Amino acid sequence: MIIKSGVQGFDISKNSAVIIGCGGLGTNIAVHLAGAGIGRLLLVDFDNVEERNLNRQFFYTKDDTGKEKAGVLAKRLSAYAPETEIKSRCGRFDNSLAEGYDIIVIAVDNIETRKEINAYCKESKTPCVNGSIDGFFGTAYLYLPDKAPDLEAAGCLNSTDKIMHSPSVTAGIIGALEAKLATDYFLGKTDSAGKLYIYDNNEIHALKIKE
(Lines give C-alpha, C1' and ligand atoms only; values in the text may rest on other atoms or scores of the structure.)
Protein backbone atom coordinates (compact mmCIF):
# COMPACT_ATOMS: atom_id res chain seq x y z
CA MET A 1 0.00 0.00 0.00
CA ILE A 2 1.32 3.45 -0.92
CA ILE A 3 1.06 6.04 1.85
CA LYS A 4 -0.49 9.18 0.37
CA SER A 5 1.70 12.25 0.67
CA GLY A 6 -0.98 14.19 2.53
CA VAL A 7 -0.96 11.58 5.28
CA GLN A 8 2.80 12.02 5.58
CA GLY A 9 2.37 15.74 6.24
CA PHE A 10 3.68 16.99 2.90
CA ASP A 11 2.65 16.99 -0.72
CA ILE A 12 5.04 16.69 -3.68
CA SER A 13 2.38 15.61 -6.18
CA LYS A 14 2.94 18.75 -8.25
CA ASN A 15 6.69 18.16 -8.47
CA SER A 16 8.71 16.26 -11.05
CA ALA A 17 12.17 14.80 -11.55
CA VAL A 18 14.38 13.29 -14.22
CA ILE A 19 16.48 10.38 -12.95
CA ILE A 20 19.56 9.75 -15.09
CA GLY A 21 20.63 6.15 -14.52
CA CYS A 22 18.44 3.19 -13.54
CA GLY A 23 20.98 1.00 -11.77
CA GLY A 24 21.62 0.54 -8.06
CA LEU A 25 21.26 4.23 -7.21
CA GLY A 26 18.51 4.99 -9.70
CA THR A 27 16.19 2.19 -8.57
CA ASN A 28 16.47 3.35 -4.97
CA ILE A 29 15.93 7.01 -5.85
CA ALA A 30 12.92 6.19 -8.01
CA VAL A 31 11.13 4.02 -5.46
CA HIS A 32 11.58 6.58 -2.67
CA LEU A 33 10.37 9.54 -4.75
CA ALA A 34 7.42 7.55 -6.09
CA GLY A 35 6.59 6.31 -2.60
CA ALA A 36 6.65 9.90 -1.33
CA GLY A 37 4.01 10.82 -3.90
CA ILE A 38 5.93 12.73 -6.56
CA GLY A 39 3.76 13.73 -9.51
CA ARG A 40 5.98 12.89 -12.49
CA LEU A 41 9.15 10.91 -13.11
CA LEU A 42 11.25 10.44 -16.23
CA LEU A 43 13.64 7.47 -16.06
CA VAL A 44 16.63 7.56 -18.41
CA ASP A 45 19.19 4.83 -19.06
CA PHE A 46 20.93 3.57 -22.20
CA ASP A 47 21.77 0.13 -20.79
CA ASN A 48 20.11 -3.26 -20.39
CA VAL A 49 19.59 -5.39 -17.29
CA GLU A 50 22.57 -7.64 -16.45
CA GLU A 51 22.40 -10.58 -14.08
CA ARG A 52 25.67 -9.62 -12.35
CA ASN A 53 24.08 -6.38 -11.09
CA LEU A 54 20.86 -7.80 -9.67
CA ASN A 55 22.15 -7.77 -6.09
CA ARG A 56 21.76 -3.98 -5.89
CA GLN A 57 19.17 -3.35 -8.63
CA PHE A 58 16.23 -4.86 -6.80
CA PHE A 59 13.40 -3.93 -9.17
CA TYR A 60 14.79 -6.32 -11.80
CA THR A 61 14.80 -10.11 -11.87
CA LYS A 62 16.82 -12.72 -13.72
CA ASP A 63 14.01 -12.91 -16.29
CA ASP A 64 14.64 -9.24 -17.17
CA THR A 65 18.21 -9.90 -18.32
CA GLY A 66 18.83 -8.19 -21.66
CA LYS A 67 15.81 -5.88 -21.41
CA GLU A 68 16.04 -2.07 -21.31
CA LYS A 69 16.47 -0.95 -17.71
CA ALA A 70 14.43 2.23 -18.01
CA GLY A 71 11.43 0.48 -19.53
CA VAL A 72 11.37 -2.36 -17.03
CA LEU A 73 11.76 0.00 -14.06
CA ALA A 74 8.98 2.29 -15.34
CA LYS A 75 6.58 -0.65 -15.68
CA ARG A 76 7.31 -2.05 -12.21
CA LEU A 77 7.25 1.38 -10.59
CA SER A 78 3.89 2.20 -12.20
CA ALA A 79 2.39 -0.81 -10.45
CA TYR A 80 3.96 0.29 -7.17
CA ALA A 81 2.90 3.96 -7.44
CA PRO A 82 -0.03 4.19 -9.88
CA GLU A 83 -0.73 7.84 -9.04
CA THR A 84 2.70 8.93 -10.30
CA GLU A 85 3.10 9.63 -14.03
CA ILE A 86 6.16 7.62 -15.03
CA LYS A 87 7.88 7.76 -18.41
CA SER A 88 11.06 6.08 -19.63
CA ARG A 89 13.70 6.83 -22.22
CA CYS A 90 16.34 4.40 -23.44
CA GLY A 91 19.36 6.56 -24.25
CA ARG A 92 21.90 8.94 -22.81
CA PHE A 93 21.33 12.35 -21.30
CA ASP A 94 20.61 15.28 -23.57
CA ASN A 95 19.44 18.75 -22.65
CA SER A 96 15.93 18.35 -24.05
CA LEU A 97 15.11 15.58 -21.56
CA ALA A 98 15.12 17.97 -18.60
CA GLU A 99 12.70 20.49 -20.10
CA GLY A 100 9.53 20.73 -18.04
CA TYR A 101 10.96 18.93 -15.00
CA ASP A 102 11.86 20.51 -11.66
CA ILE A 103 15.13 18.73 -10.92
CA ILE A 104 17.68 16.30 -12.34
CA VAL A 105 18.83 13.42 -10.14
CA ILE A 106 22.11 11.86 -11.23
CA ALA A 107 22.64 8.14 -10.67
CA VAL A 108 25.47 7.28 -13.06
CA ASP A 109 29.13 6.34 -12.67
CA ASN A 110 30.12 8.16 -15.86
CA ILE A 111 32.13 11.34 -15.23
CA GLU A 112 31.48 12.72 -18.72
CA THR A 113 27.72 12.49 -18.20
CA ARG A 114 28.03 14.29 -14.88
CA LYS A 115 30.05 17.04 -16.58
CA GLU A 116 27.37 17.44 -19.26
CA ILE A 117 24.60 17.67 -16.66
CA ASN A 118 26.60 20.10 -14.53
CA ALA A 119 27.16 22.37 -17.53
CA TYR A 120 23.49 22.19 -18.47
CA CYS A 121 22.35 22.99 -14.93
CA LYS A 122 24.68 25.99 -14.70
CA GLU A 123 23.41 27.35 -18.01
CA SER A 124 19.70 26.66 -17.48
CA LYS A 125 19.64 27.25 -13.70
CA THR A 126 18.20 23.78 -13.18
CA PRO A 127 18.77 22.19 -9.72
CA CYS A 128 20.33 18.75 -9.54
CA VAL A 129 21.28 16.08 -7.05
CA ASN A 130 24.40 13.99 -7.60
CA GLY A 131 25.29 10.69 -6.00
CA SER A 132 28.19 8.28 -6.31
CA ILE A 133 29.21 5.02 -4.63
CA ASP A 134 32.37 2.97 -4.44
CA GLY A 135 32.43 -0.05 -2.17
CA PHE A 136 31.33 1.04 1.31
CA PHE A 137 31.87 4.72 0.44
CA GLY A 138 29.44 7.15 -1.14
CA THR A 139 28.54 10.82 -1.52
CA ALA A 140 25.40 12.86 -2.22
CA TYR A 141 25.15 16.55 -3.09
CA LEU A 142 22.36 19.03 -3.88
CA TYR A 143 23.34 21.77 -6.32
CA LEU A 144 21.13 24.85 -6.56
CA PRO A 145 22.42 27.28 -9.21
CA ASP A 146 23.23 30.74 -7.80
CA LYS A 147 22.74 29.42 -4.26
CA ALA A 148 25.38 26.68 -3.93
CA PRO A 149 28.67 25.70 -5.61
CA ASP A 150 28.35 23.45 -8.65
CA LEU A 151 29.35 19.79 -8.93
CA GLU A 152 32.90 20.62 -9.97
CA ALA A 153 33.49 22.79 -6.90
CA ALA A 154 32.10 20.01 -4.71
CA GLY A 155 34.56 17.48 -6.14
CA CYS A 156 31.79 15.44 -7.77
CA LEU A 157 33.50 15.47 -11.17
CA ASN A 158 36.78 13.97 -10.02
CA SER A 159 37.62 10.68 -11.71
CA THR A 160 38.64 7.93 -9.30
CA ASP A 161 39.74 4.33 -9.77
CA LYS A 162 37.14 1.84 -8.59
CA ILE A 163 38.33 0.01 -5.50
CA MET A 164 35.63 -2.65 -5.32
CA HIS A 165 32.11 -3.46 -6.40
CA SER A 166 29.51 -1.57 -4.40
CA PRO A 167 27.14 -3.63 -2.22
CA SER A 168 23.41 -3.09 -2.21
CA VAL A 169 23.50 -1.42 1.21
CA THR A 170 25.65 1.45 -0.08
CA ALA A 171 23.38 1.95 -3.07
CA GLY A 172 20.40 1.94 -0.73
CA ILE A 173 21.86 4.53 1.64
CA ILE A 174 23.04 6.97 -1.03
CA GLY A 175 19.98 6.45 -3.23
CA ALA A 176 17.67 7.22 -0.31
CA LEU A 177 19.78 10.26 0.58
CA GLU A 178 19.55 11.57 -2.99
CA ALA A 179 15.77 11.17 -2.87
CA LYS A 180 15.70 13.04 0.45
CA LEU A 181 17.76 15.93 -0.97
CA ALA A 182 15.40 16.19 -3.94
CA THR A 183 12.43 16.19 -1.58
CA ASP A 184 14.10 18.92 0.50
CA TYR A 185 14.23 21.07 -2.62
CA PHE A 186 10.56 20.41 -3.43
CA LEU A 187 9.60 21.48 0.08
CA GLY A 188 11.70 24.65 -0.03
CA LYS A 189 14.31 23.39 2.41
CA THR A 190 17.59 24.79 1.08
CA ASP A 191 19.83 24.22 4.12
CA SER A 192 21.02 20.94 2.65
CA ALA A 193 22.18 22.59 -0.59
CA GLY A 194 25.93 23.06 -0.89
CA LYS A 195 26.73 20.33 1.62
CA LEU A 196 28.60 17.24 0.47
CA TYR A 197 27.18 14.31 2.39
CA ILE A 198 29.80 11.60 2.80
CA TYR A 199 29.00 8.03 3.81
CA ASP A 200 32.11 6.15 4.88
CA ASN A 201 31.62 2.67 6.35
CA ASN A 202 28.74 3.35 8.76
CA GLU A 203 29.44 7.06 9.34
CA ILE A 204 27.83 10.01 7.56
CA HIS A 205 29.38 13.47 7.58
CA ALA A 206 28.35 16.74 5.93
CA LEU A 207 31.06 18.95 4.44
CA LYS A 208 30.03 22.53 3.60
CA ILE A 209 31.39 23.48 0.18
CA LYS A 210 32.63 27.04 -0.35
CA GLU A 211 33.03 28.80 -3.67
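One definition before anything else: with a 1.4 Å probe and protein chains only, buried means under 20% relative accessible area, exposed means over 50%, and partly exposed is in between. On that scale Arg76, at 31% relative accessibility, counts as partly exposed.

Some housekeeping. This is a predicted model, in which local features need pLDDT of at least 70 and side-chain atom pairs count only at pLDDT 80 or more, while totals for chains, interfaces and linings use all residues. Residues are numbered from 1 along each chain as its sequence is written, and side-chain values use heavy atoms, with hydrogens and water left out.

Back to Arg76. This residue is found in helix α3; helices here are DSSP runs of H or I with at least four residues, strands are runs of E with at least two, and both are numbered from the N terminus. Which residues does Arg76 contact, leaving aside neighbours within four places in sequence? They are Phe59, Tyr60, Thr61 and Asp64, where contact means heavy atoms within 4.5 Å. Val105 is another matter: 29 residues away along the chain, its C-alpha atom is separated from that of Arg76 by 19 Å.

With Asp64, Arg76 forms a salt bridge, and the closest N and O atoms are 2.8 Å apart. By salt bridge I mean a side-chain nitrogen of Lys or Arg within 4 Å of a carboxyl oxygen of Asp or Glu. Asp64 sits in the loop between β2 (40–45) and α3 (69–80) while Arg76 is in the helix, so the pair ties together parts that are 12 residues apart in sequence. Asp64 is buried, at 2% relative accessible area. Lys67 also belongs here: Asp64, Lys67 and Arg76 are linked in a network of salt bridges.

How many salt bridges does a search of the whole structure find? The count is 10. I will show two others.

In helix α4 (residues 111–124), Lys115 and Glu112 are 3 residues apart, or about one helical turn. Their side chains meet in a salt bridge at 3.7 Å, N to O. Lys115 is partly exposed at 38%, and Glu112 is partly exposed at 49%.

In helix α5 (residues 168–186), Lys180 and Asp184 are 4 residues apart, again about one turn. Here the N to O distance in the salt bridge is 2.7 Å. Lys180 is partly exposed at 45%, whereas Asp184 is buried at 7%. Thr183, also in α5, is buried at 11%. Not counting residues up to four places away in sequence, Thr183 touches Phe10, Ile12 and Leu33.

Last, the helix packing. α2 (residues 24–35) and α3 pack at an angle of about 25°, with axes 10 Å apart. The axes are lines fitted to C-alpha atoms over the stretch in contact, and angles run from 0 to 180 degrees between N-to-C directions. α2 and α3 are therefore roughly parallel, a term for angles under 35 degrees; over 145 is roughly antiparallel, 65 to 115 roughly perpendicular, and the rest oblique.

On the α2 side, the contact is made by Thr27, Ala30, Val31, Ala34 and Gly35; on the α3 side, by Leu73, Leu77 and Tyr80. By class that contact has 6 nonpolar, 2 polar and no charged residues. Nonpolar covers Ala, Val, Leu, Ile, Met, Phe, Trp, Tyr, Cys and Pro; charged covers Asp, Glu, Lys and Arg; the others, Gly among them, are polar.
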